[in-house]
Structure formats: structure tokens, C-alpha cells
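Okay, everyone, thanks for coming. Let me put the model up, and then we'll go through some packing.

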Amino acid sequence: MSKNATEARHGKAEGLDMRAPAEILELLAAAQQEAAKAVDRAIPAIAEAADLMAATLKSGGKLVYVGAGSAGLVAMTDALELPGTYGIAPEKLVVLFAGGLSPVTDLPGGPEDDPVLGQRDADVIFAEDCVICVSASGSTPYTVAVAEVARARGAKLVAIANNAGARLFDGADVAILLETPPEVVAGSTRMGAGTAQKMAFNMLSTLAAVKLGHVHDGHMVNLRADNDKLQARAARMVADIAGIDFEEARAWFGAADGSVKVAVLLAAGAADAEAAKALLARSGEVLRAALNELHAGKSSMKRA
């Protein structure tokens, strides 16, 4: 058997195919719950990586998500959620997926073994970017090749892998080790390893969004409200933060041209949308700081 935990057989997997369905499912659930604990040990590295991601976006660089197979799909899912959830500009996000993304109805293994393909795809990477590479084994040739190009070009490199001593960690600015136990189905890293990767990506992008000012009291205040459900959610956020009723909040949201932050500031007394946007610009797009400035200005006027 491989020395890598991601390829080893789980200690309780013998005779798996002869067990009762409920027993198999209990083992699968327990194994993924155990894998999730690996994320706790990686929290310091995840925090450091989120700093790099937020700093990159603040300075005008791109986030480049890189992976192959199931790990690449986890990375892609996180990247595709960011424009809608946190208003990250789509042109600031790039996904490099071994073999391409369209159409993805199968995951052939060949492209992940092609370092030349990785080098070619990495042509979109520049020094101001932050590159997030993920590989369960930490040795996928495509992903490692992209990481090598990123390092050579001076980009920030975040490496995520499930095996200690992974080649992908070499020279990374931040190495996130998710040391998950062997899979119940040996080598099927879409299970335990994938669960830990998904959690880590959720945490990474959420913390980066917090640092960018896109989360306020647990609300996604920079969301892109481009359907009825999200427009209603946006109005509820404005109502909750501003302490007003839903219909009033919906009216302010309409006046704010689809910006929750601007709508909250209007409800709090900003003169108009342009004044609200100026407050946000001075605050670095952080709603709480903008609200504090607005309230301080109103208090000064009252004292005068």
C-alpha cells in the first residue's frame, strides 16, 4: 500500500461490501466526521491564507484557484460562489482545472498527470495574484506545475493538501495541511479528504470576505441580488441592520441601486446614495466604519 494516507486502506474497511447498508453508511459518516477534525488543526494556516487573499483583492490582484479531479471541483465551487455571495468581481477570479471546465460530465484522470498543461494554463498568473492550489495527495503534476509557475512569477501561493510533506507545500507562502485519515474506500478522496477541503475553502473565503468588509453581523452585505429570492434577502438584511420594517427596507434598497450597504446608510440618515458611497469609500467599504462616521457626524451637528 502507498505510504500516503490518502491512498491507504481504512482500518475498518475489511469486509465492507458484506455489511448491512446502515452499517456501511454509519462507517462512511463517521469517517467523514473524523476527517473534518483535521480542519481544526489547520486554523492558524487558514487564517494566514485568508489574509493573503483579502490583501490581494484589496491591491487589485486576482485569486487563482487551481486543482484537478474532485479537489479541483471543490476549489471551483468556492470560486464560483464568491461573485454572488460577496460581490467579488468575476474578473478577479480565475479557475484553472486540469482538462478544462466545459463540458464537465466526466473527470478523466489523464490531464492531471500533464505538467506541461499546467505550465500553459498558468500563463494567466502575475506577481500581484494569489494562487490557491489544492491536491489531496499534494503531488498532482498539473497542480504542482501551476504552483511552480506561480512561485517563479512572484505570486503569493497557498497550498492545500491532505498528506504531510507534500511536494505542493515546497516554497508555498502558506501550507494548509488537512491530515485526514485513510478513506473507507481507499483512495476515494472525494469523501473524507474532500469534506475537509470543502470546509477549509468555506472558511478561507468567508474570512477573506469578513476582512474585505463584506460581512456585517453575520449578513452578506455585499451580495449580488440578481433574483427575487436574493432581493428579498437583501431587504431583510437592511431591515435587520437598520432596525426598520421590511417594506421601508425594500424601498431604501431600491433607492440604493441594489447595494445593501448603501441602503443601510440611507436608512441611517445619509443624504443620498452618492453621500453613502463616499462614506463607504472612506471606510474601505466597511459598513460598520461608515455607520460610525455617519453617526459621529450627526452627533457633531446636534452639539453645534
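So, helix α1, residues 21–41, packs against α6 at an angle of about 40°, with the axes 8 Å apart. Axes here are lines fitted to C-alpha atoms over the stretch in contact, and angles run from 0 to 180 degrees between N-to-C directions. This is a predicted model: local features need pLDDT of at least 70, side-chain atom pairs count only at pLDDT 80 or more, and totals for chains, interfaces and linings use all residues. Numbering starts from 1 along each chain as its sequence is written, and side-chain values use heavy atoms, with hydrogens and water left out.

The crossing of α1 past α6 is right-handed, meaning the near helix is turned clockwise from the far one by less than a right angle.

Who touches whom? On α1 we've got Gln-32, Ala-35, Ala-36 and Val-39, and on α6 Gly-192, Thr-195, Ala-196, Met-199 and Met-203, contact being heavy atoms within 4.5 Å.

Now the largest nonpolar core: 35 residues, with Tyr-65 and Ile-176 having the most contacts inside it. Core members are buried Ala, Val, Leu, Ile, Met, Phe, Trp, Tyr and Cys joined through side-chain atoms within 4.5 Å, and buried is under 20% relative accessible area with a 1.4 Å probe, protein chains only. α2 gives the most, 8 residues. There's also a second, separate core of 28 residues, including Val-221 and Ala-249.

Conventions
Buried means under 20% relative accessible area, exposed over 50%, partly exposed in between (1.4 Å probe, protein chains only). Helices (H or I, at least four residues) and strands (E, at least two) are DSSP runs, numbered from the N terminus.
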